Amino acid sequence: MNRTQAYELVEARLGKGPTLSHCLACEACLRKLAERFGEDGDTWGITGLVHDLDLDECSDDPERHTLVGAEVLRRHGCDELIVEAVLGHNDKAPRNTKLAQALWVVDPTTGFIT
C-alpha cells in the first residue's frame, strides 16, 4: 500500500472531518520520528495515516477499534508491520517494534493538537 492508496482508503472511510485531521497529524509526526531514528519514513507515515481508519465505525464499541481496521488493512495488502502497530495502539497486539511504540506515543499527543 502506498501513501496515495492509504489516503484514499482513509478518506473514503472517515470523510474530511476531525479524525482525518488527526490521522494526518500522526502521519506527519511519525515521518519526522522515522527520520530521527533512521527508519523508513513511508512505512511510518502510512502507519500514522491509517491507524484510526475504523474509528468512526467503532465509536460505539471501542473494543472493536483496530480489529476492524486490521481486517481492512490486510484486505488491502498492507504490510503486517503496519497492521501490528495499528493493533498495538489500542492494546490489541504487543508493542514490540519502534514503530508500534512510536504510534502509541504519537496518537494521544496529536490528539491534544487536533
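Author: Start with helix H2 (residues 18-37) and helix H6 (residues 98-113), which pack at an angle of about 135°, with their axes 9 Å apart. That angle makes H2 oblique to H6. Angles under 35 degrees count as roughly parallel, over 145 as roughly antiparallel, 65 to 115 as roughly perpendicular and the rest as oblique. Axes are lines fitted to C-alpha atoms, for helices over the stretch in contact, and angles run from 0 to 180 degrees between N-to-C directions. Helices themselves are DSSP runs (H or I, at least four residues), numbered from the N terminus.

This is a predicted model: local features need pLDDT of at least 70, side-chain atom pairs count only at pLDDT 80 or more, and totals for chains, interfaces and linings use all residues. Residues are numbered from 1 along each chain as its sequence is written, and side-chain values use heavy atoms, with hydrogens and water left out.

Now the contact itself. From H2 come His 22, Ala 25, Cys 26, Cys 29, Leu 30, Leu 33 and Phe 37. They meet Lys 98, Ala 102, Leu 103, Val 106, Asp 107, Thr 110 and Gly 111 in H6. Contact means heavy atoms within 4.5 Å. The residues of this H2 and H6 contact divide into nine nonpolar, three polar and two charged. Here Ala, Val, Leu, Ile, Met, Phe, Trp, Tyr, Cys and Pro count as nonpolar, Asp, Glu, Lys and Arg as charged, and the others, Gly among them, as polar.

Look at His 22, which lies in H2. His 22 is buried, with a relative accessible area of 9%; buried means under 20% (1.4 Å probe, protein chains only). Leaving aside neighbours within four places in sequence, His 22 is in contact with His 51, Asp 52, Asp 107, Thr 110, Gly 111 and Thr 114.

H6 also packs with H3, at an angle of about 40°, with the axes 11 Å apart. H3 and H6 are therefore oblique to each other. Thr 43, Trp 44 and Thr 47 in H3 meet Lys 98, Leu 99, Ala 102 and Leu 103 in H6. That contact holds four nonpolar, two polar and one charged residue.

At the start of H5, a side-chain oxygen of Asp 79 reaches to within 2.7 Å of the backbone nitrogen of Leu 81.

Technical notes:
Helix = DSSP H or I, 4+ residues; strand = E, 2+ residues; numbered from the N terminus. Polar contact = N/O pair within 3.5 Å; in protein donor to acceptor, adjacent residues only side chain to side chain. Buried < 20%, exposed > 50% of the residue type's maximum accessible area, 1.4 Å probe, protein only.
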